Every structure is written in C-alpha cells, then in structure tokens.
Amino acid sequence: MPRLDDIRFRAATAFQRRVGNPVLRRLPFQTVLETTGRVSGLPRRTPVGGRRVGDSFWLVSEFGERSQYVRNIKADPRVRVRIRGRWHTGTAHLLPDDDPVARLRALPRFNSTVVRALGTNLLTVRVDLTD
C-alpha cells in the first residue's frame, strides 16, 4: 500500500504538471525558477514562491530532492529566476542543514502555507544572484 507521503507527492505533482505550472508560469509577475533539464538539456520553468534578500533568492522545495527542479539543480546549479517580471542569473545551492520550517516563516505567507501543507520533505534552496 502506498505511503501517505507518496500519495501526496503524486497528487501534487500531477496537479502542478497539468494545471498549476502551465498557468502560473505565464503570469508576468509570478516568480519563476528556470533550470536546465538534466536529461534533455532544455530550459525548465517552474513557478515558485520565495523572497529576495540582498543578492540571494530563498525558497523551500516542498518535496526536497524528489522535486524535478531540485534534481536539475543537482545536475547543473546554474539557474535563472524571474522576480517581478525581470530575469536574474545565478547559482543555486541546496541547503539540507538549514531549518526549512524556520526559513518558511521569513518567506511569503501564502506560499509558505501551501508548502507546509503539501510538503513531505522540505529542503531550503538559496540562489546567489549575479545580476
């Protein structure tokens, strides 16, 4: 019998893949993380919630290393982030030693609530922006 975490992961990713991501990534002021597909080499765009603090952008992955964008970051940490309609290049860092629950308290409330509700294996990600 599938574990509850697996059911939540499959349900959330199916919804995101078919409905959420295609709609949200087209909204001009939705924050979007662009990674390079680890197999295809093509750009992969994922709507994310997070916050820019100085020259860094912080977010928390709700499914940790199971998230496709996290797997892409592990293969190639060079990313782009669209913040308020403007693209920024940077290098992503996975921070397994950071406290993702505490980190969520410093991020936008709506997204943090969704991540906590759906998340099964939270992982903090920091993107050091270069422009």
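Select strands β6 and β7 to begin: these two pair in the antiparallel sense over six bridges, where two strands pair if DSSP finds at least two bridges between them. Strand β6 covers residues 86-95, and β7 covers 123-129. Helices (H or I, at least four residues) and strands (E, at least two) are DSSP runs, numbered from the N terminus. Within this pairing, Thr91 has Asp128 of β7 as its bridge partner.

The model is predicted: local features need pLDDT of at least 70 and side-chain atom pairs count only at pLDDT 80 or more, while totals for chains, interfaces and linings use all residues. Residues are numbered from 1 along each chain as its sequence is written, and side-chain values use heavy atoms, with hydrogens and water left out.

Next, select Arg84, in the loop between β5 and β6. Its phi is near 50 degrees, a positive value in a residue other than glycine. Arg84 counts as exposed because its relative accessible area is 71%; the classes are buried under 20% relative accessible area, exposed over 50% and partly exposed in between (1.4 Å probe, protein chains only).

At the other end of β5, select Asp76, in the loop between α2 and β5. Asp76 is buried, with a relative accessible area of 15%. Its side chain is joined to that of Arg78 by a polar contact of 2.9 Å. A polar contact is a pair of N or O atoms within 3.5 Å; within protein, one must be able to donate a hydrogen and the other to accept it, and residues adjacent in sequence count only if both atoms are side-chain atoms.

**The nonpolar cores**

In soluble globular proteins, nonpolar side chains tend to be buried together. A nonpolar core here is a set of buried Ala, Val, Leu, Ile, Met, Phe, Trp, Tyr and Cys residues joined through side-chain atoms within 4.5 Å. Select Leu33, Phe57, Ile73, Val81 and Val127, which have the most contacts inside the largest nonpolar core, a set of 15 residues. The most is given by β7, with four residues.

Centre the view on Phe57. Not counting residues up to four places away in sequence, Phe57 touches residues including Val48, Val81, Ile83, Val125, Val127 and Leu129, where contact means heavy atoms within 4.5 Å. A second, separate core of five residues includes Trp58, Val60, Leu95 and Leu107.

Now move to Ile73 in helix α2. Ile73 counts as buried because its relative accessibility is 2%. Leaving aside its neighbours within four places in sequence, Ile73 is in contact with Leu33, Thr35, Val79, Ala92, Leu94 and Val125. From Ile73 to Glu34, the C-alpha to C-alpha distance is 9.7 Å, across 39 residues of sequence.

Then select Asp97, in the loop between β6 and α3 (100-105). Asp97 counts as exposed because its relative accessibility is 80%. Asp97 and Thr124 lie 8.5 Å apart, C-alpha to C-alpha, and 27 residues apart in sequence.

**Charges over rings**

Select Arg103 with Trp58: Arg103 lies over the face of Trp58, at 3.7 Å from the ring centre. Then select Arg80 with Trp87, where the charged end of Arg80 sits over the ring, 4.2 Å from its centre. A charge sits over a ring if NZ of Lys or CZ of Arg is within 6 Å of the ring centre and within 35 degrees of the ring normal.

**The whole chain**

Finally, display the whole protein chain, which has four helices and seven strands. From the N terminus on, the elements run α-β-β-β-β-α-β-β-α-α-β. Of its 131 residues, 40% count as buried. Among contacts between residues at least 6 apart in sequence, 66% join residues at least 24 apart.
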